[in-house]
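Hello,

Here is the structure I said I would pass on. My notes follow below it.

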Amino acid sequence: MESNDHIESAMTLSRVERNDPALRHLKVSDLGVTREGSGYYWPSESAELARLGDAIGANTQLQRLDIRSVNALIEMDANNAAFFEGIKDNNSIHHLGLYLDPFLGLVRDILNEVVANNNILTSIELDRCTLGNGGTGILTAALTSCTSLKSIRLKDCSIDDDILEEFVSGIIGLHQLRTLDLSGNNFGRAGCEALATLLKESNSNLCHLRLGRNIRIDDNCATILADALKGKNKLKILRFYPNNTITGRGWDAFS
């Protein structure tokens, strides 16, 4: 008797292959959670992964793809290339979400094989994807080559000052970028100085900057960002919450 996961996966694969217009959000995951308009797929055999890649490549209805905690992708390395190629061939997926810590090598493979030079993507999210040594350069190179990006979310990715400085210097030319979410990281003054250069960039169209749960952002950091925003009307939301290290002095800098 087949498990519920295998039944759900078979149904989702069929919907992707049939180009079901009601299936807009595909979750390749070993965590079986679905919502209306989404499908859950857990590859359990090597051939299934390549077949899914072919189906994704031909599909024109999918808009979002999330890859979350998939042990199968690690175990089926020989077929990852076919899976990645299918995603790269797709012309309808605008959002890619990666929730793969601690699978560092897999994150790098996806950035190199799927994200780099992908001008269909308008939104990318990495959650708890610690990239390790050399990962920052791969991430930055991949994202800066995606000229249509409007939203970048790098949450809980252990981003420190050095990583953020390198990252900002790369994305400063993404003039369509509207949302940057750096919640739950580990940068302080130097990182905020890098963000200040982005905010001061005359061609920047950034509207939403989210910095919550960065415990090293203090009054000095808040003052740096407040100064960068003087005369800057495009930024609509600057979110620090939750933050317990900014005091009244830091908040006063925005008044």
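N185 counts as buried, because its relative accessibility is 6% (buried is under 20% relative accessible area, exposed over 50%, partly exposed in between; 1.4 Å probe, protein chains only). This is a predicted model: local features need pLDDT of at least 70, side-chain atom pairs count only at pLDDT 80 or more, and totals for chains, interfaces and linings use all residues. Residues are numbered from 1 along each chain as its sequence is written, and side-chain values use heavy atoms, with hydrogens and water left out.

Back to N185. The residue is in the loop between β7 (179-181) and α8 (189-200). Helices (H or I, at least four residues) and strands (E, at least two) are DSSP runs, numbered from the N terminus. The N185 side chain reaches two backbone oxygens: that of L154 at 2.9 Å, and that of L182, also at 2.9 Å. Both fall under polar contacts (N or O pairs within 3.5 Å; within protein, one atom must be able to donate a hydrogen and the other to accept it, and residues adjacent in sequence count only if both atoms are side-chain atoms). Neighbours within four places in sequence aside, N185 touches L154, K155, D156, C157, S158, I159, R213 and N214 (contact means heavy atoms within 4.5 Å).

Now the sheet. It is open, has 9 strands and pairs in parallel, in the order β2-β1-β3-β4-β5-β6-β7-β8-β9. Two strands pair if DSSP finds at least two bridges between them. β2 (38-41) and β9 (237-239) are the edges, each pairing on one side only. Between β1 (25-29) and β3 (64-68) there are 5 bridges. S29 faces R68 of β3.

Two helices lie across strands. α1 (4-17) covers β1 and β2, at about 125° to β2. α5 (104-115) lies across β3, β4 (95-99) and β5 (123-127), at about 165° to β4. Axes are lines fitted to C-alpha atoms, for helices over the stretch in contact; angles run from 0 to 180 degrees between N-to-C directions.

Last, the rings. The whole structure holds 3 aromatic pairs (Phe, Tyr and Trp, the last by its six-membered ring, with centres within 6.5 Å; planes under 30 degrees apart are stacked, over 60 edge-to-face, the rest tilted). F83 and F84 are tilted, because their planes are at 45°, with centres 6.0 Å apart. F83 is buried at 0%, and F84 is buried at 5%. F240, W251 and F254 form one aromatic cluster. The charged end of R68 sits over the ring of Y99, 4.0 Å from its centre (NZ of Lys or CZ of Arg within 6 Å of the ring centre and within 35 degrees of the ring normal).

Best wishes
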